[in-house]
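Here's a quick briefing to read with the model open next to you.

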Amino acid sequence: MTIFKRIFTFITFFFIYIIIREFLQIYFLFSSVHPYLGYAVSLFFLFILIYFVAVPVYRILKLNKYPAPAESATQEESVIKERLKIFRNNKELQHYDGKEKNEHTEYDFYAAQLKTKCHETRKAYVRKIFYSTSVAQNGFLDAILILSASVNMVKDIFILYNGRSSIKDLLSIAKKIYYAMAIAGSEGVEIATEELFSKFSTEGLKSVPFIDKILGSIADGYVNALLLTRISFVTENYCQLTLVQNNKVLNPNATFIVTTTKNITQDIVSDLRNALLQLTSKKFKDFTRFAARPVIYVWDIAQNSVQNTGSSLKNILWLSGGSYLNKVTSVFSKIRY
């Protein structure tokens, strides 16, 4: 156990080192233009962290406490009763009017509605983080985007359920999220990455310029989408489950996470593959722009692909253009080395 903690601590400091190093690269890049520009960029990122991370955390803390899952069967009935009081006052939910006046049946009725709404929230965040971290192409920017998306998604899920966990459980969820990203997700990451590359592994794609960079960025975005999916289920399970005798129940298995992420992003992956296949025939409308930003160029082709449907990539990326993630990405995507 001591060895495990030491290894985990080393990995933690290594990730912190990578993030700090990436930030310093950005700082020195802008400082080389003008010292004050470096300071301005630093203040900009500080503002981003405050507005998109600290403020959502504050909003979470302002929410009323949500009944935690029971640790024993004798406490479960009490948890169901307390949660039903909250659900009955939730104006966003359809009122239960079933003939069977059973609290468990009523709870399942409300829980099913909330599960559907929660999946819609998860789907929006996962698809956006797939795009945003693909085009960011920077460890520091990825860290900010993932942290911001995670905090805001958790906030939206708590708002959906009309309550937050206790401070103790919030810290516990945060710990589970961190472990999920650093360790528990590793198996799923490997499975998902192999599956993703298998979709793009055709002989023709090898002729596309910068293909390694493009596929690497897409894979990074996909992995981050996978990790965000896991975070969403950790939070949702806390709000949905009424009995948790073992904390491992809150963490879904890797296969389930991979399958869910695949279903959420399958049309995006299809559009990206079609976009890359177009480039195999050297169909470059603007090769100079492609050479400068190959990843963004491919996403733009996928976005405007005729293969897109009503729920396509173009719609999910820009339909909610006023959202925080699209605003941040629009700025980050312009930062290049």
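What follows is a short tour, from the overall fold down to single residues.

This is a predicted model, so keep that in mind as you read the values. The protein has 13 helices and zero strands, and its 337 residues include 46% that count as buried.

**Overall fold**

- Among contacts in the protein with a separation of 6 or more, 74% are between residues 24 or more positions apart.

**The α8/α9 pair**

- Helix α8 covers residues 211-240, and helix α9 covers residues 254-280.
- How do their axes meet? The axes of α8 and α9 come within 9 Å and cross at roughly 150°, and the crossing is right-handed.
- From the α8 side, the residues in contact include Ile-211, Ile-214, Leu-215, Ile-218, Tyr-222 and Phe-233.
- From the α9 side, they include Phe-256, Ile-257, Val-258, Val-269, Leu-272 and Leu-276.
- Sorted by class, the contact of α8 with α9 has 15 nonpolar, four polar and two charged residues.

**Phe-200, at the end of α7**

- Phe-200 belongs to helix α7, which covers residues 186-200.
- Is Phe-200 buried or exposed? Its relative accessible area is 3%, which is under the 20% cut-off, so Phe-200 counts as buried.
- Setting aside residues up to four places away in sequence, Phe-200 touches Leu-205, Leu-215, Ile-218, Val-269, Leu-272, Arg-273 and Leu-276.
- Phe-200 and Arg-273 are 73 residues apart along the chain, with their C-alpha atoms separated by 6.4 Å.

**Aromatics**

- Searching the whole structure turns up twelve aromatic pairs.
- One of them joins Phe-130 and Tyr-222 in an edge-to-face arrangement, at 5.6 Å centre to centre with 75° between the planes.
- Phe-87, Tyr-96, Tyr-107, Phe-109 and Tyr-110 form one aromatic cluster.
- For a charge over a ring, look at Arg-122: its charged end sits over the ring of Phe-233, 3.8 Å from the ring centre.

- Glu-76 lies in helix α3 (residues 73-88), and its relative accessible area is 18%.
- That value is under 20%, so Glu-76 counts as buried.
- Which residues does Glu-76 contact once its neighbours within four places in sequence are left aside? They are Ala-70, Thr-242 and Leu-243.
- Glu-76 and Val-244 are 168 residues apart in sequence and 9.3 Å apart in space, C-alpha to C-alpha.
- Asp-142 sits in helix α5 and is buried as well, with a relative accessible area of 13%.
- Asp-142 and Gly-221 are 79 residues apart in sequence, and their C-alpha atoms are 8.9 Å apart in space.

- Asn-162 is in the loop between α5 (139-160) and α6 (167-184).
- Its backbone is worth a look: Asn-162 has a positive phi of about 60° although it is not a glycine.
- For background, most residues other than glycine have a negative phi.
- Asn-162 counts as partly exposed, at 34% relative accessibility.
- Gln-278 lies in helix α9 and is partly exposed too, with a relative accessible area of 32%.
- Gln-278 and Val-208 are 70 residues apart along the chain, and 9.6 Å separates their C-alpha atoms.

Conventions:
Residues are numbered from 1 along each chain as its sequence is written. This is a predicted model: local features need pLDDT of at least 70, side-chain atom pairs count only at pLDDT 80 or more; totals for chains, interfaces and linings use all residues. Side-chain values use heavy atoms; hydrogens and water are left out. Helices (H or I, at least four residues) and strands (E, at least two) are DSSP runs, numbered from the N terminus. Buried means under 20% relative accessible area, exposed over 50%, partly exposed in between (1.4 Å probe, protein chains only). Axes are lines fitted to C-alpha atoms, for helices over the stretch in contact, and angles run from 0 to 180 degrees between N-to-C directions. A crossing is left-handed if the near helix is turned anticlockwise from the far one by less than a right angle, and right-handed if clockwise. Contact means heavy atoms within 4.5 Å. Ala, Val, Leu, Ile, Met, Phe, Trp, Tyr, Cys and Pro count as nonpolar, Asp, Glu, Lys and Arg as charged, and the others, Gly among them, as polar. Rings of Phe, Tyr and Trp (its six-membered ring) pair if their centres lie within 6.5 Å; planes under 30 degrees apart count as stacked, over 60 as edge-to-face and the rest as tilted. A charge sits over a ring if NZ of Lys or CZ of Arg is within 6 Å of the ring centre and within 35 degrees of the ring normal.
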